[in-house]
Amino acid sequence: MSSDDPRLIVIHPSQLAGTVLSVGPGRWSLGRGHAADLRLDDPHLSSLHAALSQAGGQTRVEDLGSRNGTLVNGEPVRRQRVLHDGDVIQFGMVRVRYEVPGNTGLMPPARLPQERPVRFDVDRQTGGQINNVGRDQYNHYVKERNSFLREVAAARTRSLRLIWLSVTLMFSGGLIFLWGTYLENQASRSTFESFAKGWDSVRKSGSGKPPDFGSGFLGVSDASSVVTIGYIVGAVGLMLFLLALTMHVIAAARGKNVDSDPRHSWNAPL
C-alpha cells in the first residue's frame, strides 16, 4: 500500500485509539474475524462487519448485514455510501475517522455532528451502574455483559444441583415404595395365615368366640403407609426434576443468545 492511500484512524474505544488502517485500491472487508482484510479486535464487531472499496478516486463503505450496524456521521448505512475526508464512521461501537492524506481542508472534530455537546456534570452514582460522562459506555457494556454471564452460570449451577437432588429423591422414593410393597405382601400373608389358624382353632375347640385378627391388620396398615410415603417422595422428586430441567434449559438458552439477543443493551444497534 502507498502512503498516499486513504486511511481509517480509530478514535474509539480507548484501547484501539490510534490504530491506522490503510485502504488501498480494490475491495477490503473489515471485522473481527480472521478472514477480514482489515481486522479490529472488538467484541461488538461482527466477523465480517463492513466492506470498503476504492475505485475512481472514491472510497465507498457498505454494511455486510452486521449485528450492530454501520453509521457514517450518525446516519445508518443502508447501501454503498461515498466517504469524504473527515467523515466519522461507526462500526458497532468502534468509531474511526476517514482521512485522505494531502487534503488541505480543515479536519472536523472527531464527534458525530448529530450529537449534542457532551455534558460533564455527574449525577448520583451507584455501584450497579457508573456514569461515563464523556459518552464512553464501552466499559459499562462489558461489565454488564460479564455480570449477565455470571448470573446465567449461577442459574445453571443451581439447576444442576436441583436435578441431582430430584434424582436422589426419585431413587429414594422408589426404594421406599418397593420396601413398603414387600412389607405389605409379608403382612398380608401373615394375616391370612393367622386368619386360617384362628378359625381352625375355633373349629377344633368348639367355642363360639371369634379369633383376634387385630395385630395382623395393623401390620398391613403400617406397610401401606410405607408404600404411600415412597410414592409421595418419588412424586416430589419427579416434580423437582421437571422444574430443574426447565430452569436449566432456560439458562442455557439465555447463555447461548448472549451475543445475538437484541434485548441486551450491548447488542442493541447504536
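I started by noting that two strands pair if DSSP finds at least two bridges between them. Strands themselves are DSSP runs of E, at least two residues long, numbered from the N terminus.

**Before looking.** My model is predicted: local features need pLDDT of at least 70, side-chain atom pairs count only at pLDDT 80 or more, and totals for chains, interfaces and linings use all residues. I count residues from 1 along each chain as its sequence is written, and side-chain values use heavy atoms, with hydrogens and water left out.

**Entry one, β1.** I found three bridges joining β1 to β2 (residues 20-22), and the two run antiparallel. Here Leu-8 stands opposite Leu-21 in β2. I also saw β1 pair with β11 in the antiparallel sense, over five bridges. There, Ile-9 stands opposite Arg-97 in β11.

**Entry two, an open sheet.** In which order do the five strands lie? I read β4-β3-β5-β6-β9, with mixed pairing. The edge strands, β4 (38-39) and β9 (81-82), each pair on one side only. I followed β3 (residues 26-31) to β4: they pair in the parallel sense over two bridges, with Leu-30 opposite Leu-38 in β4.

A nonpolar core is a set of buried (under 20% relative accessible area, 1.4 Å probe, protein chains only) Ala, Val, Leu, Ile, Met, Phe, Trp, Tyr and Cys residues joined through side-chain atoms within 4.5 Å. The largest one has 20 residues, and Leu-8, Leu-30 and Ile-89 are among those touching the most other members. β1 (7-12), β5 (50-55), β10 (88-91) and β11 (94-99) each supply at least two of its residues. The largest share, three residues, comes from β11.

Note on methods:
Buried means under 20% relative accessible area, exposed over 50%, partly exposed in between (1.4 Å probe, protein chains only). Helices (H or I, at least four residues) and strands (E, at least two) are DSSP runs, numbered from the N terminus.
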